Structures are given as structure tokens and as C-alpha cells.
Amino acid sequence: MQVSIVPGCITCGVCESICPEVFTVIDTSIADNSQIPGNEDACREASKACPVDVIVIQD
Ligand code: SF4
């Protein structure tokens, strides 16, 4: 799995609240792909929960 953030993040913090191991929100959301193993379901949940749909997951 690979997680990327496409332009348009509104820094709402939802992804970080769902999966703080992978997502860090400062000026935009940043995904630490090294932390994905074991957090795949939370990453998918964060992607679905993102209000502007900028979290892209590739399996
Ligand atoms: S949920 Fe989406 S809009 Fe909100 S901080 Fe994360 S990437 Fe940005």
C-alpha cells in the first residue's frame, strides 16, 4: 500500500485523528509511508473520511 496526499488539503485534522501513526497535519497533511504496515485499515478509513478527498491510496 502507498498513501499520498494530492493538493487541496484543508488541514482539518481528521486523518491525523484517525491514524496519527501515518498522518501528520501541519501546513498540509503528510503521510509517513514507513508507518503503514499494520495501519492499512485506518489509512483506508482516513481516506474515506477526508472531507475533500485528497488522500489517495494505491494497493
Ligand atoms: S482529512 Fe483530508 S483535508 Fe483533513 S487534514 Fe487530512 S488530508 Fe487534509
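Modeller: One definition first: a residue counts as buried under 20% relative accessible area, as exposed over 50%, and as partly exposed in between. Please also bear in mind that this is a predicted model.

Colleague: Is Thr28 buried, partly exposed or exposed?

Modeller: Thr28 lies in the loop between strand S2 (23-25) and strand S3 (29-31). Its relative accessible area is 35%. Because that value falls between the two cut-offs, Thr28 is partly exposed.

Colleague: And is Val54 buried or exposed?

Modeller: Val54 is likewise found in a loop, between helix H2 (40-49) and strand S4 (55-58). Its relative accessible area is 5%, and the limit is 20%, so Val54 is buried.

Colleague: What share of the 59 residues in the protein is buried?

Modeller: The cut-off is again a relative accessible area under 20%. Val54, at 5%, belongs to this group. Of the 59 residues in the protein, the buried share is 29%.

Colleague: In what pattern do the helices and strands follow one another along the sequence?

Modeller: The protein holds two helices and four strands.

Colleague: Which radius of gyration does the protein have, beside that of a compact globule?

Modeller: The C-alpha trace spans about 25 × 20 × 15 Å along its principal axes. For 59 residues, a compact globule would have a radius of gyration near 10 Å. The protein agrees with this, since its own value is 10 Å.

Colleague: How far apart are the C-alpha atoms of Thr28 and Cys12?

Modeller: Thr28 and Cys12 are 16 residues apart along the chain.

Colleague: What volume does the largest cavity have?

Modeller: The count of cavities of 30 Å³ or more comes to one. The largest cavity is the space taken by the ligand. Its lining comprises 13 residues, with Cys9, Cys12, Cys15, Ser29 and Cys50 nearest the centre. The volume is about 80 Å³.

Colleague: How many charged residues are there in the shell around the ligand?

Modeller: Around the ligand there are 14 residues, and those that come nearest are Cys9, Cys12, Gly13, Cys15 and Cys50. The shell divides into eleven nonpolar residues, three polar and, as for charged ones, none.

Terms used. Residues are numbered from 1 along each chain as its sequence is written. This is a predicted model: local features need pLDDT of at least 70, side-chain atom pairs count only at pLDDT 80 or more; totals for chains, interfaces and linings use all residues. Side-chain values use heavy atoms; hydrogens and water are left out. A residue is near a molecule or strand if one of its heavy atoms lies within 4 Å of it. On a 1 Å grid over the protein atoms alone, a cavity is a set of points where a 1.4 Å probe fits but cannot get out, and a pocket is an open set with protein on both sides within 12 Å along at least five of seven lines; lining residues have an atom within 4 Å of a point. A molecule sits in a cavity or pocket if more than half of its atoms lie within 2 Å of its grid points. Ala, Val, Leu, Ile, Met, Phe, Trp, Tyr, Cys and Pro count as nonpolar, Asp, Glu, Lys and Arg as charged, and the others, Gly among them, as polar. Grid points are joined across faces, edges and corners, and a volume is the space filled by probe spheres set on the points. The radius of gyration is taken over C-alpha atoms; the globule rule is 2.2 Å times the number of residues to the power 0.38. Buried means under 20% relative accessible area, exposed over 50%, partly exposed in between (1.4 Å probe, protein chains only).
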